[in-house]
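Here is a short report on selected features of one model. Start with the structure itself.

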Amino acid sequence: MDQAVNSDPVNAADSGRQRWRNWIGFWLLGLCNNFAYVVMLSAAHDILQKQESHNTTTPTPAPNGTNTEISKSSRYDCSPVSTAAVLLADILPTLLIKFTAPFYIHRVPYGFRVLVCFFTAVVSFLMVSFSSTILMSIFGVVFASISSGLGELSFLSLSVFFSRDVLSGWGSGTGAAGVAGALLYSAFTQAGLTPQVTLWIMLVVPVILAVSYFFLLVFPSSFPQWRRHEDGHSASRVINSQERRPLIEEEADTDEDTETTQEEQEDKHIRPLSFTDKIYIMKGLLKFIIPLGVVYFAEYFINQGLLELLYFPDSHLSHAEQYRWYQTLYQIGVFASRTSLVCFKIRKIFLMSLLQCLNAVLLAFAVYYQFLPNPWVVFIIVLYEGLLGGAAYVNTFFFIREEVRETHSSNSFI
């Protein structure tokens with residue numbers, strides 16, 4: 001269905017402008033929705049380092065100029081609390097929302113969902129920037145995760161009210177969020193701004209999200225902005241049915257009967273899915289979801305469990321700078337591979353999960369045996385890791401959509 005579920009009759013020029021506005025709107029929504037999530041992962045080392053400096057006293061230097069506390073604790077320069085703690089706070093709330101929301105989210109109006117996304121994103125930046133304890137910082141990251149998880153499933157289901165090309169805008173925006181979030185955070189801190197000031201500057205991002213949704217998107221007149229989705233959906237079908245009727249009634253009863261039959265079939269086709277239907281669909285998608293889950297498990301194990309330990313003291317980059325650029329290059333790889341769908345498609349997701357696991361094993365050995373000569377080798381591996389992760393995501397999404405569309409059409413997003 002190339003046309004939107006609901007569309008008002010407008011002339012071609014207005015329709016073209018609306019399509020561009022909606023495409024740009026979804027691009028900005030994708031960018032802003034994932035931005036806080038990416039920034040929190042990029043800032044993980046700085047968040048923990050800040051709390052460590054607040055909560056500990058400066059150790060007494062040994063006669064040879066080294067820290068006695070560090071020298072007797074570990075051969076690795078890492079935080080007492082792993083950056084994986086930030087990962088868990090950034091992932092688990094989103095995961096919980098995505099697992100449970102399909103069974104209740106349709107009862108929450110879209111306008112209210114977006115306001116929740118806006119306020120939780122603002123709270124996340126403020127809590128992390130003003131935090132004085134690790135627990136407060138973790139709660140700030142949790143708010144960023146809630147904003148990102150709720151926003152992603154809401155905006156994907158919102159796309160069925162617009163032409164299909166808004167999905168490409170959304171996908172491009174989410175990919176750009178990875179590069180923009182990691183690159184801007186690294187650039188601002190590298191330029192001398194403190195992580196706290198950097199997070200204050202990024203408060204503009206939730207504002208852009210709200211403006212893009214409420215003022216940039218051109219909604220159909222029957223869109224259920226502040227009503228429950230199922231109420232708005234039934235109303236929209238009545239209006240849509242009327243819009244499909246010819247302007248001049250003709251005596252061709254056969255054509256009218258055919259049109260009515262098509263509408264009845266379409267009504268049956270887009271009926272709301274029952275709980276049993278959703279469980280059945282989920283079982284059929286496990287062949288895509290499990291390999292994607294393995295890919296993300298391996299790369300999050302790398303990004304938040306291993307990269308902090310891959311520190312090269314002889315480099316001109318500090319430990320924090322090395323970690324930030326690891327995250328930035330990973331996001332660049334993700335963005336590049338998410339745009340690869342127009343060039344080629346990879347159905348064998350399990351192959352990418354295998355390659356990602358090999359990356360994890362290689363870097364785990366590198367951490368333990370410390371055989372890599374400099375951070376530039378890690379930069380290349382992390383870029384490759386991002387390429388695998390982004391390709392797995394975009395191809396999984398594509399083939400899930402293709403498979404579901406054969407029997408369930410766009411209701412799989414609702």
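## Around Y300

Beyond its neighbours within four places in sequence, Y300 is in contact with Y37, L41, L87, I91 and G305. Contact means heavy atoms within 4.5 Å. Y300 lies in helix α13 (residues 286-306). Helices are DSSP runs of H or I, at least four residues, numbered from the N terminus.

Y300 has a relative accessible area of 13%, so the residue is buried. Buried means under 20%, exposed over 50% and partly exposed in between, with a 1.4 Å probe and protein chains only. Y300 and A360 are 60 residues apart in sequence; in space, they are 9.3 Å apart, C-alpha to C-alpha.

## Basis of the model

This is a predicted model: local features need pLDDT of at least 70, side-chain atom pairs count only at pLDDT 80 or more, and totals for chains, interfaces and linings use all residues. Residues are numbered from 1 along each chain as its sequence is written, and side-chain values use heavy atoms, with hydrogens and water left out.

## Helices α5 and α9

Helix α5 (residues 110-130) and helix α9 (residues 204-216) have axes that come within 9 Å and cross at roughly 170°. Axes are lines fitted to C-alpha atoms over the stretch in contact, and angles run from 0 to 180 degrees between N-to-C directions. That makes α5 roughly antiparallel to α9 (angles over 145 degrees).

Residues of α5 in the contact include Y110, F118 and F125. On α9, P206, Y213 and F214 are among them.

## Cysteines

The structure holds zero disulfides (cysteine sulfur pairs within 2.5 Å). C117 is buried at 2% relative accessibility. C357 is partly exposed at 31%.

Key
Helices (H or I, at least four residues) and strands (E, at least two) are DSSP runs, numbered from the N terminus. Angles under 35 degrees count as roughly parallel, over 145 as roughly antiparallel, 65 to 115 as roughly perpendicular and the rest as oblique.
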